[in-house]
Every structure is written in C-alpha cells, then in structure tokens.
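Colleague: I am new to reading protein models. Can we go through this one together?

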Amino acid sequence: MSNDGQNHADRRSLREKDDDEDGSDVALPGASLRLSRRRFLAGTGLTAATTAVLEACKPAAVGGAGGKGAEVAGPGQVPVTLQVNGKERTVSLEPRATLAEVLRTDLGMTGTKVVCDRGACSACTVWLDGTPVCSCMTFAMDAVGRAITTVEGLSSGGALHPVQQAFVEHDAAQCGFCTPGMVMSCAALLQRNPRPTLDDVRTATSGNLCRCGTYPKVFEATLAAARRGSGGSSGAKGS
Amino acid sequence: MADENGKVAVQTGLVFPGGSSLSEVERAVPSDEPPPWPLNAELSVVGKPFPRLDGPLKVTGAATYTADVRLPGMLHARVIRSPHPHARVKNIDVTAAERHPAARAVHVLEHMRGGAKLRDPKQETPSKFPIVRYVGQPIAAIAAATPADAEEVMRLVKVDYEVLPFVVDLEEARKPDAPRVFPGATEQPATAGGGGAVPNVPQQGNVRGPTKTGPLGPPRGDVEKGFEEAEITVENTFRTAVQTHSALETHGVVADWKPEVLTVYASTQGTSTVRDELAEVFGLPKGKIRVVTEFMGGGFGSKFGIGNFGVLAVHLSKKASAPVRLMLDRKEEHVNGGNRPSSVQRLRVGAKKDGSLTAIHLTSWGTGGTATGAGAGNVAKNMYACPNILIEESDVFTNAGPAAAFRAPGHPQGAFALEQVIDELAEKLGMDPLALRDKIDIDEDLGGRNVDSAARRMERKIGSQKFDWARRKPAGSDRGPVKRGLGVAQSIWYRFIDLDASCEVRLLRDGTVEVLSAVQDIGTGIRTALAQVVAEELGLQPKDITVRVGDTAFPAGVPSGGSRTTGSITPAARNAAHEVRRRFLADVAASMGARPEALSLKGGKVLLGDDGGRGIPFRSAAAKLKTEQITASRSRAHDYGGFAPGRPGMNMGIGGFGGVQFAEVTVDTETGIIKVERVVAVHDCGRPINPLALESQINGGILQGISYALYENRVLDRRAGVQLNPNFEQYKVLGAREVPAIEVLLLEEYQGRSSTDAGGIGEPATVPTAAALANAVYNATGVRMTELPMTPARVLTALAAARKGAQ
C-alpha cells in the first residue's frame, strides 16, 4: 500500500544496524542515526536492493563491511582480485570505485545497468555471495573475497536461467533497461523461496524501478518460473 | 484484386471478444501495393502473440544500449551547467581546465537548442554567450580520459554570471510585474528534432497566448449562444503537475567524429531526426552522418533531437579526435531531459436535459519552463460531438527546464478535466456515465475531426461487462473509513502516418531473410512486429527473420512518436516482402516448370497448387535463386483513400485510435491513501500485429497514468529555482507494490487504409487513466479531486473541505 512503505522499512533497517556501529561516527542532521560513511554505503547498498532481502542477508552485510579492521588502501590505484561469475578477475582500481563502475568500465560487463547511481532503483542489482545488492552502492573493494554474480553469469552453458526464460516467454521486458536488475532480484527470490506468492514477488521487486510499466509481466514470469521449479537448483556460477 | 480503377473491396469494422461487426467498403489501392490482407483470424503469424525476438539479449544483459557503447580510445565528457535560474554569462575561463593533464577537449556552447526564442533577438542586450534561463542550462563541456578525470576537469571551468531576477512559480509568472523569462515575444520554431509552436501568438509578459487555433482547427460555432441554449452547465477548475519523463536510460550519445564520417550512437526515438539535426548544426551532408540506436532505454517523447549535449559531444570528439561518451546523469535527466508541462484548466460544459452538449469552453494555461507546449485542449476539442467549442490555451514561461513531447502531449491533462466534467454532468442529469457517453460520443466529422466512436461504443459495452460496471453504487455510499469506488474515462488519439518509412527485405540463397530499416525499437517491439509482417508474407515464422534496425545506414525509418511507428513502417515491410515473394516465386517456378501463380508460401514451404501440403522446404527453394540474393526496398504509401483533409503539414489519417478504461479504487479516508485495485482497459489500434507486446504497452500506459495521477510531481524551490527532487527517492514513480490487477481487452479495428492496416497504442493507452482514477475516487468518496497528483494530503484536504462545506 504504499506510498511510503518501503522507506519506512529502509529506515528501520538502518537503525538496527546502528546498534553495533564502530568506527568514526557521523551525526546526520535532523536524525538520530549515527553511521560511518563506509557503513552507510554498505548498508544502503543492501537495503535498497529490496526490503525482503534484508532478512536474508543482514549477517553478510555486517561481516562484509566490518571485517577488515584498520587496513588503509589508496587513494591511488590498488590491485584487487574479484571473483566474478566464478572467474578471478584482477583489476587496478581506486578504492572509491563502486562495483558497478568496475564491472561496467574496467571489466566491460555492461549487462549491469546504472540508472540512479544512488541505490533508489535497483537497476544495478548483482549478487554478493548469492544476496542481491545495489552495485552502485557497493565499493568494489568490499566485494573482494566474495562471489559476485552478474546478469551475465546467471545463464549457464548457453541455457537461460529459468527466470530469464520465463521473462522472454511472458514478455517481461519492454525497453529492457531495468531487466537485468529485475532478473537478478527475481532469480534471487526463487533461490531463497522456490514457492513465492504474488506478494513475495512484489516485495522482491519493490526496489526495482521500471518506467515502461512491465511489472505485471515480471510478476507473471517469476511465478511461472517458480511453477516450473527453478528453485535454487540452477547453476548461477560463483554463488 | 483491384479492378481497372484500382478499387478493391476490403473488410472494415470491428472484431471483438465474442463477436464482430464488419462491412465491406471499396478502397482505391495503388497497383503496386499488395492485395489487402484478410482478417487476423485468417493469417498465420500476424495478430498472434509472439515473444519479442530480442528478449534473450535483454534478459542476459547482452543488449547493447548507447550507455553501454565502448569504443577504443573513448573519452568521457561532463557538462558544466548554470547554478542560476536566470543569468547573463559575463565570462568563461577554461584555461585551468585545459591545463589539466587529463583534459582532452573543452567546448563552450555557442547556441542553445530547444525551447522558445525571442521573436526579435535585439530585444535582449547582446551577449557573447547564450542567456541562462534555468538552473542546469548547459554552458560548456569537457572531455577527459576517465569519468573521474572528467569530474575533476569540469570543476576547473570558471564561469562568471551576472545574476538576473527569475520566476519559477506558474501563478507568479502570470503576473504583469513578474520577472520576464524572455524580454519580448517568442517563437518556437520546429527543428528536425521536433518542437514547434503556433507562430505569431500574442505575448504579454511571460504569458504567450491565448491560442484559439491549435493544430486541430479554429473554434467551432458560438459558445456564448451554446451556453444560452444549455439547460444545465457544469464548471470546474483542474490542475496538473509537471511530470518528468524519467526514462531509465538517460539522454546521451557516443560521438565519433572522423573526417570521412560522423558516427553518433544515440539514445533516441529517431535515428533519422538526430541525423537530420546533426546535418543542420554541423553543415554536413546527411550521407556523411551515421546514427545508430541498437537498443534504447525509454524515451516517452523526449528523445528526438540531438540536444545540446549531443552538439557538445560532437564538438568535443572533433577537437579531441577521439570518440566521446556523454550520457546525462539522473539529476541532469530530470532537469534537462524534458517534461510534461503543468496545466490549470477552467472547463465549462453546457448540455440539454437529454445529455446532448451545447457548448464546451476551455481556458487553460500551464508552464513548460522555457518552452511552449502546455496546451491541454485537444481532448475537449475532439472527444464528443458539440456544435460550439472554444479552446483558449496559453503557455506561461518560467525559469525552468524546457518541456518536451511526453506520451500524448496535452491529453492526460485534458482528459483529467473533461472526463471528470462529463462524469459530473451525468450525475446531474441522473444518467449513467456510460449512457451519457453513448449519447454524445458520436461521429460528427466537422473538418477532419477524428472519428472512432463506433470502436469506443463497443469498448464501453464489453469493458463494462468485464468490469461488472452494474455493481457501481452512488457516490460516497460506503460507510466505513475505507471506501470503494468505480470510475470510467475515455481515450482518443490520432492516426499519424509518416511517409518517410521504408524497409528493405533481402532473401539470400541459403534461405536467410533479412529486413532492414533505420527505424528504432524503443521498447515497443517493432523489431518483432516487422519480423511477423515479413514472415506472414513469406510463409515463415518470426524467428526465421533477421531484423536489423536502428541505423541510418539502412532505408529511412520513421521516428517513434505519436503512436505512428507501426502504422507507418509495417506497410513498407510488407510491401518489400511482397515484392521479394513475387520475384522468389518467379525464380522457383521457372526451376519447377510451374507457373508462379500456382505457387504459394506457407508453413515454411513453397507449395505447388494442391499437392496436399508437401511442397519444397523454403530453404531448398531459396537455393534455386538465380542470383545470390533478391532485394526489394519499399516505402509507406499514402493512406488508401487519402489523409484527413484540413491538416496542413501533418499526415493525419482518417479515423483514430482510442480506448475506454475502467478503474476500481479504495480510498482510505483516514490516511488519504488511494489504492488502485483493478483496471480494465479496452483499446483499439487498427489491426493488432503482436497482441503480446500490445498488452505490455497498454499495461505500461496504465501504470504511467497511475503514477502521474497519484505520485509524480516535479518540485522547484521558488526562492532558488532549483529542482528539489531530481532523483528517484523524492520524485516518486510507481513501483511494484502499487501495481493493480490489469485486464486488457483488444479490439481488432479494420479501416482498410494501408497494406497492413496497423496502428499504434503508445499514447492512447495512457490518456484516460488519471481521469478514470479521479472519477473512481469521486464515486468512492463523493468528493471531486481537481488536482494532480492526488496525494494523501490533497485527499484529506478535499475531504475536510467537503465536510466543512456540508456543515
């Protein structure tokens, strides 16, 4: 319902994370939140992907952001190795680079789209260790040591992932610019909930903005893929 | 087949779920056109649902959009923009930027493209640089090796501004003493990229108008007399907000200037319009420009021209001798990407007690920022039969980003007003809203008015059954805090045809069939529609056809706007395929020792007479071609029977496309939240080619309409002139949780006007939605919402005002 349900959920999730905050604190004007920039980015990257995903991925978020202690990198180029779709990719990047930038610019993997570049539309959704995140709100360096799955890695051996196949059959792409993000959100949903209801699909895609208005077909396609039993069995590489 | 006068008998009329109403008419069909197709039921591929051919590319991320184009040595550009809403640029210092080691090119914009211009430029003190008239107006651009470098270099450009008084508020801007956006009268000439306002309109201060003669003709009859004759008059004032297009892929290009050819990859709805505008700006022959749009992430009317960003990118590429990527960011897109102007509409309608209309008078004004285009009168002028109609439309200039065409310009606004007034009229007359429309929605062709009433009559009938309209209760019947309401509204749109629409079809000896056209697929699925049309002609399946579109190297393609693509380009494809078929069968017949007339193409085979369907596989037959390939290129012919009279400069076909939408909402009278539960949409668009893609596009029109009705509102700070919500957090667009149950019903409407008889659906699908919702909200609450978006605050305010009024 709606007009603002998602924002409330996002705010709640930020507050929960706030409890175990460490590092340098920033008081946001007009809010009771105290967050480090690093934690803020890591946290919003996750929450904006979808609210339902939160329950599934909260432990990963905390571990990912807080596990490296006081190690300092940059500001210049730093060589890092990322695991993308099951392959090791070594790139030289500035620590400020987002995962979306590195995927699209350094690795030439342009399937992942950048639309709002601030975690409001989920077009850039990729999986980190199987959990959808906004890659525009995730530092590439925070993805080191974690399995990154992009839309390019979802199909295996030339065969489309069942969600992709259902998207094609049900015409769940018009201009197609939101489609990679939609596919990643819906495939992740089936991974953690092979028998979703329509409401589950709505919730899973509630962060994914589509301007062409393809939602009804996205719902149809995802439910059809679930009926066909895609579940978590499909072999997304690296997840 | 045609008789000696070229007259052909064609079936026209409607085929709808559960029946048909058809009749035969004679049409003059040019001798080089193929014979008219029978109804869809008798075709094998056209009219059947097909998943789009490029679906696999889109779901795997393999589809390459302009934003994804990566060329060797490609530079990244950023635009320097004005932070002031109105200013004179005194000086631009680019030395520090040019000195930055990563800078590769800097270019200062010489002329502003887009928006209105002073009729007499001498009315403004001469300035070396374009006058700034809105926050975000482009000043200059730079190119550097990486996006991060570009960010740094851009900050080194120093611009000195002399800040001038400004106004961004519509009502403030109308005042005689308001700061002037333009110091004199303006014109907005059309460019290859679109635009164009009625010329020589009077202007007082920022108010340009009223225009009484829009593109759809002069006033009709005498409204004063009409109101005197009226037995009942309904009147109200409606307001709609500025909506931004918010396409997910922003405007942008990758420009690659080479001495021999300029190649521009553009996120555009018109490869040809971009090419033509580039030729205009850079003085190049069109043959030295190539524009490519392989995939396009949404435009909704805003992406026809090269834009200032495109001009800047080409200059940068020329200076740096390297390809330059310039994509707007999300903030730039909201501010500079165009918008649907706001509107204030005072609408007065007079009628007899039997419902027949005697007068319609609409006075409207709105702002498209520095551009014209705020007219909202076409719906009032065209929807219902009325002998006396006066439409007075004015543009009000404000210091805000220029408007651009947006999916059915003026129509969702106009429908929001007119369809609510008709709803109110029905209530006052004690008539059902559908019964009133049955009475007044009648064809009455007064000088080219579009005629489509028979389709809407049927749409009301089958839609009301599907929707169960009979359960509708009197307004405000529900007793609890959450009240349910049903509403209906209608759509009209026009048959725009572009004769610059050509296709080439090739058949190769290995059986490959290709169709080529510069037309671009903006997400509507024209690629697949073209494949269906060619496949139908050649007895193949759509997957057997390779479609190459979105490249000006191919035959001229129609710009995709005004719901004209399918109606313009599919006849060209069919005509070319038909010619290829004719020559193919001639070759094959010779090798089989048969007469070509004895052969047919069906089910992937060449069939000889009545051989029980055995035939020769298409591919084996193709191997018998005398030459390596057969190629035919054909264009869109005039409509059979001609275009509508009295429409100079526009190819507007006779007839129209429209629809009827029914909405069911609940209104929580304690929170003010409107929830759309269900929409039943019944539409016509000529002969449907791909019902699957049509359904998607209608869904999209409805959802954009709901978003417009309930959420979208560009907010400008009236003290700073800055947009406060240039993002997707505070500029709310409908999301997954706000999607109602949607049922789409499609009529087949045969008009016998072209070799495919197809039409478009983009605009008509979004015209009536906001109006249908508003009527449903009224039915739920008994309170009329006269302002968009219908936010919870506005709903609560309206409910409170109604309670106060009732006391």
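Colleague: Which residues touch the most other members of the largest nonpolar core?

Modeller: This is a predicted model, where local features need pLDDT of at least 70, side-chain atom pairs count only at pLDDT 80 or more, and totals for chains, interfaces and linings use all residues. Residues are numbered from 1 along each chain as written, chains are lettered from A in written order, and side-chain values use heavy atoms, without hydrogens or water. A nonpolar core is a set of buried (under 20% relative accessible area, 1.4 Å probe, protein chains only) Ala, Val, Leu, Ile, Met, Phe, Trp, Tyr and Cys residues joined through side-chain atoms within 4.5 Å. Of the 121 residues in the largest one, those touching the most other members are Phe167(A), Tyr215(A) and Met790(B).

Colleague: How many residues does each chain bring to the contact between chain B and chain A?

Modeller: Contact means heavy atoms within 4.5 Å. The numbers are 57 residues from chain B and 48 residues from chain A.

Colleague: How many salt bridges cross the interface of chain B and chain A?

Modeller: A salt bridge puts a side-chain nitrogen of Lys or Arg within 4 Å of a carboxyl oxygen of Asp or Glu. Lys217(A) and Glu695(B) form a salt bridge at 2.6 Å, N to O. Across the interface, the rule finds six.

Colleague: Which element gives the most to the side of chain B that touches chain A?

Modeller: Helices are DSSP runs of H or I with at least four residues, strands are E runs of at least two, and both are numbered from the N terminus. Elements giving two or more residues are α1 (55-60), β13 (243-244) and α16 (691-710) of chain B. With ten residues, the top one is α16(B).

Notes:
Buried < 20%, exposed > 50% of the residue type's maximum accessible area, 1.4 Å probe, protein only.
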